Amino acid sequence: MLGTVLLVLLALLVLILLQTQLCVCLREIRAASSSSSPMRNATQQSLPGAIIIGVRKGGTRALLEMLNLHPDVEVAKAEVHYFNVEEHFQQGLAWYRAQMPFTLPGQLTVEKTPGYFASPQVPERVWEINPAVRLLLIVRDPAKRLVSDYTQVLHNRLTRHKPYQPLEELLIRQGYIDPTYKALQRSLYYQHLARWLDVFPREQIHVVDGEALIRDPFPELRRAERFLDLPPRIAPSNFYFNTTKGFYCLLSAGGHDKCLDESKGRPHAPLRSQAFRKLCRYFREPNRLFFEMVGHSFSWC
């Protein structure tokens, strides 16, 4: 009888000791977790150190996603439109910062809003907030960009069952190119860049060749890394050609692949070759002026 009581007491003592040790271990785990969790204590939302300012339908989404392959870069997933939409701008820097991703110390925050490039008020607004910000401008053949711009608007109108005009009716009036057509005005790169250069030094604006980025992404990304003072971490192995889609997709270091959505590579709206040639002739002088400004020529029509 006495032996049984002693066994029971010994068992209870062992249980108490085990419970005490378990509580100590749990406290240590919680303490270590709270001190090392980057999402709780080591992250913050910072204003962008770099902004992709345009151009619309020039490849800004592709450039953003490719930069996001770099471990030292975090990107705002949605277009913010802070500097070019009054309703957003009036909400102030706290609102703008809240749209940014969480970053670790030393990481670069990047946002992209292609509407910034052609908006007259934006350069000074950006300068006032961060005169040291680095600006990325991705450009493509302005005639093709215009057709792509119209194609996106057309798709949106068709989706909403709204009427639309054929591109040629919007582009040509009485046999001449209509200079008031908004999509055409967005393709006059030299006019918009002149406003940015009135505010920012040329060395703070990096021009990315949009056609080269699609054709062979890695060289353009390596140049962008150097411009952003990032260590070279993006490699040719981060890209693979998707034969079904007809363009390069991305492969992260963790083995996750990502292709741009179905709107990328959408067939262009029809435009007669005669009208397209007329458009190309219209852009010859604006293109020449742009080439002089950036110190580089592109093989555009």
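These are my notebook entries on a predicted model of one chain.

**Ground rules.** I number residues from 1 along each chain as its sequence is written.

**Overview.** I looked up the secondary structure first. The chain has 13 helices and twelve strands. Both are DSSP runs numbered from the N terminus: helices are H or I with at least four residues, strands are E with at least two. Next I checked burial. Of 301 residues, 41% count as buried. Buried is under 20% relative accessible area, exposed is over 50%, and partly exposed is in between, with a 1.4 Å probe and protein chains only. I then looked at contacts, meaning heavy atoms within 4.5 Å. Taking contacts between residues at least 6 apart in sequence, 72% join residues at least 24 apart.

**Helix 10 and helix 13.** I compared helix 10 (residues 189–197) with helix 13 (residues 273–294). Their axes come within 8 Å and cross at roughly 30°. The axes are lines fitted to C-alpha atoms over the stretch in contact, and angles run from 0 to 180 degrees between N-to-C directions. Helix 10 and helix 13 are therefore roughly parallel; the cut-off for that word is under 35 degrees. On the helix 10 side I found Y189, Y190, L193, A194 and L197. They meet P286, L289, F290, M293 and V294 of helix 13.

**N287.** I stayed in helix 13 for N287. It is buried, at 7% relative accessibility. Beyond four places in sequence, N287 contacts P142 and W300.

Which residue does the UniProt "active site" annotation cover? It covers K57, and the entry is unreviewed. Such annotations may be inferred rather than shown by experiment. I found K57 in the loop between strand 2 (50–54) and helix 3 (60–67). It is buried, with a relative accessible area of 18%. Setting aside neighbours within four places in sequence, K57 touches R140, R145, S148, D149 and Q152. V55 lies in that loop between strand 2 and helix 3 too. The peptide bond from G54 to V55 is cis, with omega near 5°.

**L67.** I moved on to L67 in helix 3. L67 is buried, at 1% relative accessible area. Its contacts beyond four places are I52, V73, L221, A224, L228 and I234. L67 and L221 are 154 residues apart in sequence, yet 7.2 Å apart from C-alpha to C-alpha.

**Positive phi.** I noted two non-glycine residues with positive phi, H81 and D229. H81 has phi near 55°. It sits in the loop between strand 3 (73–75) and helix 4 (86–89). H81 is partly exposed, at 23% relative accessible area. For D229, phi is about 55°. D229 belongs to the loop between helix 12 (217–227) and strand 10 (239–242). Is D229 buried or exposed? It counts as exposed, at 57% relative accessibility.

Notes:
Predicted model: local features only at pLDDT ≥ 70, side-chain atom pairs only at ≥ 80, totals over all residues. Heavy atoms only, no water. Parallel < 35°, antiparallel > 145°, perpendicular 65-115°, else oblique.
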